[in-house]
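Good morning, and thank you for coming.

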Amino acid sequence: MIVSIASGKGGTGKTTVATNLALFLSGEKSQGLQFLDCDVEEPNAYIFLKPKIEKARPVSLLIPNVDLKKCNFCGECAKVCAYNAIVVLKKEVLTFPELCHGCGGCSLLCPENAISEREREIGVLEEGRSGSIKFVQGRLNVGEPMATPVIRAVKKTTGPNGITIIDVPPGTSCPVIEAINHSDFCLLVTEPTPFGLHDLKLTVELLEKLVIKHGVLINRAGIGDEKVKEYCAKKGVPIMAQIPYDEQIAFLYSRGIPLLVNAGRYREIFRRLWSRIEDEVKGR
Ligand code: SF4
Ligand code: SF4
């Protein structure tokens, strides 16, 4: 079962929920438990799960390398590139590696076989263990705009059995779609404020388009207003759990201490949350 934990905006407590859900499941001795941190621009689940990283490998894109001795400057490569990553001049072919998505279209269509491919490193994939949890995270290199290939590399490690928890990047753009896609369920972490509601609406629309079952967890319940609940009722989106506003949660977060380690009273919330997720996935 693949469960992704997402939020339209950052700072809603998405990683707190994702890591504590994984810790709850590890306490239940769930088999084949895996945690994927797909928030590759700012992976921070490791702070709470404290994994021992056992191996790391670079994530690269294949970008074009043009041999001007073979090139006839026909312009076919530039025509096929949807990202304007290759430009053909009279006697020169310019490539823009930061714009290249590594699709291989230009080298495939070059009539002179003038384009070979070379690797460009954009990030790193790290794998390890946190107790019984198999832990995988991607790290995008600083300043690198292309998060999706790193997320794809992280997701490729998903095991065929057991439970996989995915920490999704914030927002509603391509990296979010890559991280959420093929989930059996997506839990949307939000807060009961106008900003929370605004971003929640965008993410719900996205999940409806992707046809992925979803539900909402209201974090910091008690602050703000009732509009998130009213919206969920109107849309028929189930509210899976609520975590009350509690200064101790912020205190523990700032010290990298998981809730379930130092505030055991929250275990019951995660137990009921998981039971509801299972019911939703199995259509009960
Ligand atoms: S398609 Fe090949 S031959 Fe044509 S301009 Fe591009 S590199 Fe040169
Ligand atoms: S590999 Fe794809 S994205 Fe990159 S330059 Fe070629 S056509 Fe454009």
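A crossover is called right-handed if, with the strands pointing away from the viewer, the path from the first strand over the helix to the second runs clockwise. Please bear in mind throughout that this model is predicted.

With that term in place, consider strand 10, helix 8, which spans residues 227-235, and strand 11: together they make a right-handed β-α-β unit. Strand 11 covers residues 239-244, and its pairing with strand 10 is parallel, over five bridges. Within that pairing, Ile-218 has Gln-242 of strand 11 as its bridge partner.

What is the sense of the pairing between strand 9 and strand 10? Strand 9, residues 185-190, pairs with strand 10 in the parallel sense, again over five bridges. Here Thr-190 has Ile-218 of strand 10 as its bridge partner. Between these two strands the chain passes through helix 7, residues 194-210, and this β-α-β crossover is right-handed.

How many of the eight residues of strand 10 are buried? Six are, and the strand, residues 214-221, is accordingly mostly covered.

I turn now to ligand 2. There are 14 residues around this ligand, and those that come nearest are Cys-81, Ala-85, Cys-100, Cys-103 and Cys-106. Strand 3, residues 52-66, supplies at least two residues of the shell, and so does helix 4, residues 105-109.

Note on methods
Residues are numbered from 1 along each chain as its sequence is written. Chains are lettered from A and ligands numbered from 1 in the order in which they are written. This is a predicted model: local features need pLDDT of at least 70, side-chain atom pairs count only at pLDDT 80 or more; totals for chains, interfaces and linings use all residues. A residue is near a molecule or strand if its C-beta atom, placed from the backbone, lies within 6 Å of it. Helices (H or I, at least four residues) and strands (E, at least two) are DSSP runs, numbered from the N terminus. A residue is buried if 20 or more other C-beta atoms lie within 10 Å of its own, exposed if 12 or fewer, and partly exposed in between; C-beta atoms are placed from the backbone. Two strands pair if DSSP finds at least two bridges between them.
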